[in-house]
Amino acid sequence: MNKNLRKHIMTRSRFKNSFNKEPSSENEIAYKKQRNLCVNLTRKAKREYYSTLNPSIVADNKQFWSAIKPLFSDKVKLRNKITLIDNENIISDDKIVAEKLNNFFINAVSNLNIHGFDTCEFIYNKASSKISNIKDKFKNHPSILKIKENINISSNNKFSFDTMDINGVEHKINNLHEKATSLDDIRYLYDVKVLKTCCNVVSPYITEIYKDSTQSQDFPNLLKEAIVTPVHKKGERSLKDNYRPVSILPTISKVFEKDMYEQIYSYFKKYFSPSLFGFRKGYNTQHCLTILIERWKKAIDNNKKAGAVLTDLSKAFDSLNHELLLAKLEAYGFDDPSLNFVLSYLSDRKQRTKENNAFSAWAKIDTGVPQGSILGPLLFNIYMNDIANYADDSTPYTTSNDNETLLDILQKNTEILMQWFNGNYMKSNNDKCHLIISSQDEVSIQIGRDKIVNEKSVKLLGVESGKQACRQFSRYT
């Protein structure tokens with residue numbers, strides 16, 4: 001890929017969009033002409049690349065895979081410059097690209113127009129009784145009532161953060177992953193070898209800072225500023241919608257988060273639903289798929305019908321409501337000082353996006369948990385955990401003797417699930433919702449205003465699932 005080829009591919013995409021919107025002969029000729037030009041330029045670029053290819057790259061195993069892996073996976077971050085198309089304008093300036101992407105990431109949740117969603121736009125002040133206000137605001141929320149109904153927390157059994165001693169700090173520093181970065185700010189020092197080398201010198205100061213933070217219930221603001229790296233998900237690379245943010249947080253923040261994570265997880269693991277598989281040690285997608293497939297197999301072998309509705313959430317991590325999360329933590333038994341510390345951790349966060357050597361301006365984050373943080377996935381799991389009080393899983397599934405009963409149960413379970421999403425300020429992405437049943441009949445269910453029709457096969461957790469796949473799996477196991 002080179003600058004000239006990339007430019008012509010952008011032009012080809014623009015002509016293709018024009019042809020799709022207005023399929024006239026003139027637009028078709030323009031598109032095909034540009035498409036053929038791109039084909040010729042690609043062939044030329046390939047010839048030039050292979051004619052100058054260094055044989056040592058092919059001969060050396062490490063260099064070979066370093067060069068080849070990015071070509072076969074979208075999960076590997078390419079070093080290619082990002083070029084965006086916005087309002088039919090081609091944007092290649094790094095600074096403008098960074099600003100465009102940062103604004104898109106920051107406004108992603110507000111653009112969803114989630115009903116009743118209140119962002120936590122307040123200045124953190126421990127004396128402002130914000131926690132008391134949150135408790136009062138959500139005391140009758142269905143999720144809070146269900147959590148308190150299912151668990152019994154005594155005043156002597158509440159969660160409280162402990163301070164970390166110098167040995168704990170040294171252990172966490174020595175166990176940091178050694179990642180390199182080009183960031184100049186000392187806070188984002190990811191060449192952890194330097195930090196590990198001077199561990200015995202800096203650990204007393206880090207211990208003292210963390211002790212002061214937990215006692216004052218005030219997470220340091222300088223550790224809440226994130227540098228965002230845009231990572232391509234899938235689809236056209238020129239569309240900002242196809243990028244997700246990964247936060248690069250200050251290294252010392254990782255030390256603090258590791259301790260907070262261990263304390264919260266140790267307390268909370270007894271409350272986690274057995275149906276919660278994501279972001280948990282000892283749980284993975286394989287366990288979830290095994291449970292689903294075994295139940296579907298059993299139903300099909302007994303000449304029953306099996307079905308499932310695959311749901312999807314828009315910007316799930318980004319739309320997590322801070323106030324409701326804190327109300328849930330209180331329901332699970334967190335004391336007020338701990339709630340204040342988590343509130344401080346979540347509040348007044350800022351981010352800016354980096355593209356090559358250019359940075360966007362700093363922007364405030366009012367919702368969600370930092371993607372790329374250690375604590376984020378755990379807080380997200382806590383937020384989602386009470387969904388098990390209403391449904392077994394975020395993928396409603398059931399078995400029955402006939403399609404009519406099967407669809408009726410799936411419809412009711414899906415409506416319950418959608419109610420939970422709405423009540424917890426999450427937005428269902430109906431375009432990515434799918435219905436699959438072990439029947440070839442064309443049936444459907446309703447999700448809001450959208451009609452979801454039965455499909456022959458769908459992808460679930462990276463695996464292609466369908467009636468024929470279930471039958472084959474049942475036959476050979």
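**Entry 1: Conventions.** I noted that this is a predicted model, in which local features need pLDDT of at least 70 and side-chain atom pairs count only at pLDDT 80 or more, while totals for chains, interfaces and linings use all residues. Residues are numbered from 1 along each chain as its sequence is written, and side-chain values use heavy atoms, with hydrogens and water left out.

**Entry 2: The whole chain.** I looked up the secondary structure and found 17 helices and 16 strands in the protein chain. Helices (H or I, at least four residues) and strands (E, at least two) are DSSP runs, numbered from the N terminus. I then looked up burial: 46% of the 477 residues of the protein chain count as buried. Buried means under 20% relative accessible area, exposed means over 50%, and partly exposed lies in between (1.4 Å probe, protein chains only). For contacts, I used heavy atoms within 4.5 Å. Among contacts in the protein chain between residues at least 6 apart in sequence, 73% join residues at least 24 apart.

**Entry 3: Helix α2.** I checked the length of helix α2 (residues 25-51), whose 27 residues should span 39 Å at 1.5 Å a residue. The end C-alpha atoms of α2 are 39 Å apart, which agrees. The expected span of a helix is 1.5 Å times one less than its number of residues. I listed the buried residues of α2 as Asn 27, Tyr 31, Gln 34, Cys 38, Leu 41 and Ala 45. Against which helix do the buried residues of α2 pack? They pack against α1 (3-21).

**Entry 4: Helix α12 and what follows it.** Helix α12 (residues 285-301) has 17 residues and reaches 24 Å from its first C-alpha to its last, close to the 24 Å expected at 1.5 Å a residue. I found Cys 288, Leu 289, Leu 292, Trp 296, Lys 297, Ala 299 and Ile 300 buried in α12. They cover an arc of only 165 degrees around the axis, which puts them on the same side of α12. The arc is that of the directions from the helix axis to the C-beta atoms. On the other side of α12, Gln 286 and Lys 298 are exposed.

Leu 292 and Ala 308 are 16 residues apart in sequence and 9.2 Å apart in space, C-alpha to C-alpha. Just after α12 comes Asn 303, in the loop between α12 and β5 (305-310). The phi of Asn 303 is near 60 degrees, a positive value in a residue other than glycine. Is Asn 303 buried or exposed? Asn 303 is exposed, with a relative accessible area of 70%.

**Entry 5: Two partners of helix α13.** I looked up how helix α13 (residues 322-331) packs with helix α15 (residues 376-385): the angle is about 75 degrees, with their axes 10 Å apart. That makes α13 roughly perpendicular to α15. The contact is made by Leu 324, Leu 325, Lys 328 and Leu 329 of α13 and by Leu 379, Ile 382 and Tyr 383 of α15. By class, the contact of α13 with α15 has six nonpolar, no polar and one charged residues.

The axes of helix α6 (residues 130-137) and α13 come within 9 Å and cross at roughly 85 degrees. That makes α6 roughly perpendicular to α13. In this contact, Lys 130, Ile 134, Lys 135 and Lys 137 in α6 meet Glu 323, Leu 326, Ala 327 and Glu 330 in α13. The residues of the contact of α6 with α13 divide into three nonpolar, no polar and five charged.

I recorded the terms used here. Axes are lines fitted to C-alpha atoms, for helices over the stretch in contact, and angles run from 0 to 180 degrees between N-to-C directions. Angles under 35 degrees count as roughly parallel, over 145 as roughly antiparallel, 65 to 115 as roughly perpendicular and the rest as oblique. Ala, Val, Leu, Ile, Met, Phe, Trp, Tyr, Cys and Pro count as nonpolar, Asp, Glu, Lys and Arg as charged, and the others, Gly among them, as polar.

Entry 6: His 141 lies in the loop between α6 and α7 (142-150) and is buried, with a relative accessible area of 10%. Not counting residues up to four places away in sequence, His 141 touches Leu 324, Gly 423 and Asn 424.

I found Ser 253 in helix α11 (residues 251-268), buried with a relative accessible area of 0%. Leaving aside neighbours within four places in sequence, Ser 253 is in contact with Phe 219 and Leu 223.

Asp 348 is in the loop between α14 (336-346) and β7 (349-355). The phi of Asp 348 is near 55 degrees, a positive value in a residue other than glycine. At 24% relative accessibility, Asp 348 counts as partly exposed.
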